[in-house]
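Please find below some notes on the model shown here. They take up salt bridges and helix packing in turn.

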Amino acid sequence: MYDFQPDPGLDTAERHRQLFEAADALTSGEPDPVANMANVAALIWEFVPDLNWAGFYRMGDNADGAPELVLGPFVGRPACIRIPVGAGVCGAAAQSGETQLVEDVHAFPGHIACDAASRSEVVVPVVRKGEVIAVIDLDSASPSRFTEGDARGLEKLARLLSDRI
Ligand code: SME
């Protein structure tokens, strides 16, 4: 049995340090990308408080063969399955290759509302050999929930996962 319950008093940096350590331990040596994304989504849910969605979109193809984000393992309510590159917060992260830290999703042009309760969001690209292969998406029902500390912690996690998902 895995027991990764973080102490509720931990600060953001320590939460991300423990999240990284647990993700490294759980994904090390496991070649199955779906298993690794599923466990990391569950770990994010445990270690990052005040979320209503946490998970992955992987880079796939649409019916015309153009790149498109496709829903991967997550924790939360059922979500949009396909997101065109450039659309919404996830599509912006996939297109730019840069983290999107959104304090108010209602003010983000083209934001895709999968859960009407979502108020703020952070999306971090996972890059392998210079190409975005997936994004990690965290949503919260609290406005301005995510900090630069969350963004840097998730970017470090994304680097760990780049050859594990
Ligand atoms: N809000 C995201 C879509 C994904 S869901 O939040 C799970 C976006 O605008 O890209």
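1. With which residue does aspartate 24 form a salt bridge? The partner is arginine 164, and the closest N and O atoms are 2.8 Å apart. Because aspartate 24 belongs to helix 1 and arginine 164 to the segment after helix 4 (148–161), the pair ties together parts that are 140 residues apart in sequence. A salt bridge here is a side-chain nitrogen of Lys or Arg within 4 Å of a carboxyl oxygen of Asp or Glu. Helices (H or I, at least four residues) and strands (E, at least two) are DSSP runs, numbered from the N terminus.

2. On the basis of the values: this is a predicted model, in which local features need pLDDT of at least 70 and side-chain atom pairs count only at pLDDT 80 or more, while totals for chains, interfaces and linings use all residues. Residues are numbered from 1 along each chain as its sequence is written, and side-chain values use heavy atoms, with hydrogens and water left out.

3. Aspartate 24 is partly exposed, at a relative accessible area of 27%. The classes are buried for under 20% relative accessible area, exposed for over 50%, and partly exposed in between (1.4 Å probe, protein chains only).

4. The search of the whole structure gives 8 salt bridges. One of them joins arginine 17 to glutamate 21, with 3.0 Å between the closest N and O atoms. Both residues are in helix 1 (residues 12–27), 4 residues apart, which is about one turn of the helix. Arginine 17 is partly exposed at 41%, and glutamate 21 is likewise partly exposed at 48%.

5. Another salt bridge is formed by the side chains of glutamate 68 and arginine 82, at 3.0 Å from N to O. This pair links distant parts of the chain, with glutamate 68 in strand 2 (residues 67–76) and arginine 82 in strand 3 (residues 82–84), 14 residues apart. Glutamate 68 counts as buried at 12% relative accessibility, whereas arginine 82 is partly exposed at 45%. Elsewhere, shared partners join the salt bridges of Glu14, Arg17 and Glu21 into one network.

6. Helix 1 packs on helix 4 at an angle of about 15°, the axes being 9 Å apart. Axes are lines fitted to C-alpha atoms, for helices over the stretch in contact, and angles run from 0 to 180 degrees between N-to-C directions. The two helices are therefore roughly parallel to each other (angles under 35 degrees count as roughly parallel, over 145 as roughly antiparallel, 65 to 115 as roughly perpendicular and the rest as oblique). Residues that meet across this pair include Leu19, Phe20 and Asp24 in helix 1 and Leu154, Leu157 and Leu161 in helix 4. The contact residues divide into 7 nonpolar, 5 polar and 3 charged. Nonpolar covers Ala, Val, Leu, Ile, Met, Phe, Trp, Tyr, Cys and Pro; charged covers Asp, Glu, Lys and Arg; the others, Gly among them, are polar.

7. Threonine 12 lies in helix 1 and is partly exposed, at 34% relative accessibility. Its contacts (heavy atoms within 4.5 Å), leaving aside neighbours within four places in sequence, are Thr147, Gly149 and Asp150.

8. The axes of helix 1 and helix 2 (residues 33–47) come within 10 Å and cross at roughly 155°. Helix 1 and helix 2 are therefore roughly antiparallel to each other. Among the residues making the contact are Leu19, Ala22 and Leu26 of helix 1 and Val40, Leu43 and Phe47 of helix 2. By class, this contact has 8 nonpolar, 4 polar and 2 charged residues.
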